[in-house]
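Subject: A model for you to look at

Hi,

Here is the structure I promised to pass on. Have a look at it first, and then read my notes below.

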Amino acid sequence: MTPLITIKVPDAVVYGNFLSATECAELIAHAEGHMKFSKVVDRASGKPVLHEARTSSSMFLKRGQNDLVTCIEQRISNLTGLPVEHGEGIQILRYDVGQEYRKHYDYFNPERETTPHHIKRGGQRIATLLMYLNTPDGGGATTFPHAGISVHANEGNALLFRYDTPTPATKTLHCGEPVTSGVKWVATKWLRQSKFA
């Protein structure tokens, strides 16, 4: 698969046509009717909670849930060089006008007391793949503020970024900018150091 854009810092690559229009439509159709308010991991308890920093709705697909998911997961494995078993389930998200995901890291903060609980299930997160399922009419870019880089949400494209160490030095602090017009659909795949169970 040929990269459209390669970024050195953070370690990120944008791939064009990672998903076909049909695959994007099928993922959206599968998710509709199953969406719930998105949650974040609470710093104190380590449990999923609603938070003003994340205002989308979302749902998870189980790994290998159907033929489409299995095909996409194998494609991700081929791209990243990581076994399918290292991936968490795909999360599908919908952002309406004004909704966003404010600045955050995807890895688990090593300094938090709840982190050992999370890494028991497959080690630390080491990479994220964002798959854009549609092109919003306005807004919705993925921005890395420490690197001064924004990646627009274009249907079928995928953004892969890696963070081999869970530190700000990776410059992987990122956010989903507010949607200003239309709706944004995206699928997220988090990848772990070892088998995720």
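A residue counts as exposed when its relative accessible area is over 50%, and as buried when that area is under 20%. By that rule asparagine 17 is exposed, because its relative accessible area is 65%. Please keep in mind that this is a predicted model.

You will find asparagine 17 in the loop between E2 and H1. Lysine 171 has a positive phi of about 55 degrees as well, and is not a glycine either. That lysine lies in the loop between E13 and strand E14 (174–176), and at 32% relative accessibility lysine 171 counts as partly exposed. For context, most residues other than glycine have a negative phi, and most peptide bonds are trans.

On the subject of peptide bonds, the one from valine 9 to proline 10 is cis, with omega near 0 degrees. Proline 10 is found in the loop between E1 and E2. Those strands, E1 (residues 3–7) and E2 (residues 11–15), are antiparallel and pair over 4 bridges, and the hairpin that joins them runs through 3 residues. Within that pairing, proline 3 has tyrosine 15 of E2 as its bridge partner.

The largest nonpolar core has 27 residues, and Ile92, Met131 and Leu133 touch the most other members. At least two residues each come from E2, helix H1 (21–31), helix H2 (67–80), strand E9 (125–132), strand E13 (158–162) and strand E16 (184–192). H2 gives the most, with 5 residues. Another core, of 20 residues, lies apart from this one and includes Ile7, Val40, Tyr107 and Leu130. As for leucine 133, neighbours within four places in sequence aside, its contacts include Leu19, Cys24, Ile92, Trp185 and Val186.

At the start of the helix, a side-chain oxygen of asparagine 66 comes to within 3.1 Å of the backbone nitrogen of leucine 68. Just after H2, glycine 81 takes a positive phi of about 80 degrees.

There is also an open sheet of 4 strands, in the order E8-E14-E11-E12, with antiparallel pairing. Strand E8 (101–104) and strand E12 (149–151) stand at the edges with a single partner strand each, so one side of each has no neighbour in the sheet. From one strand to the next, the twist averages 15 degrees. Strand E11 (residues 142–144) is joined to E12 by 3 bridges, and threonine 143 has serine 150 of E12 as its bridge partner.

Leaving aside neighbours within four places in sequence, histidine 118 is in contact with Val41, Gly46, Phe108 and Arg192.

Best wishes

Methods:
Residues numbered from 1 in each chain as written. Predicted model: local features only at pLDDT ≥ 70, side-chain atom pairs only at ≥ 80, totals over all residues. Heavy atoms only, no water. Pairing = 2+ DSSP bridges. Core = buried A, V, L, I, M, F, W, Y, C linked by side-chain atoms within 4.5 Å. Buried < 20%, exposed > 50% of the residue type's maximum accessible area, 1.4 Å probe, protein only. Contact = heavy atoms within 4.5 Å. Axes fitted to C-alpha atoms, helices over the stretch in contact; angles between N-to-C directions. Polar contact = N/O pair within 3.5 Å; in protein donor to acceptor, adjacent residues only side chain to side chain.
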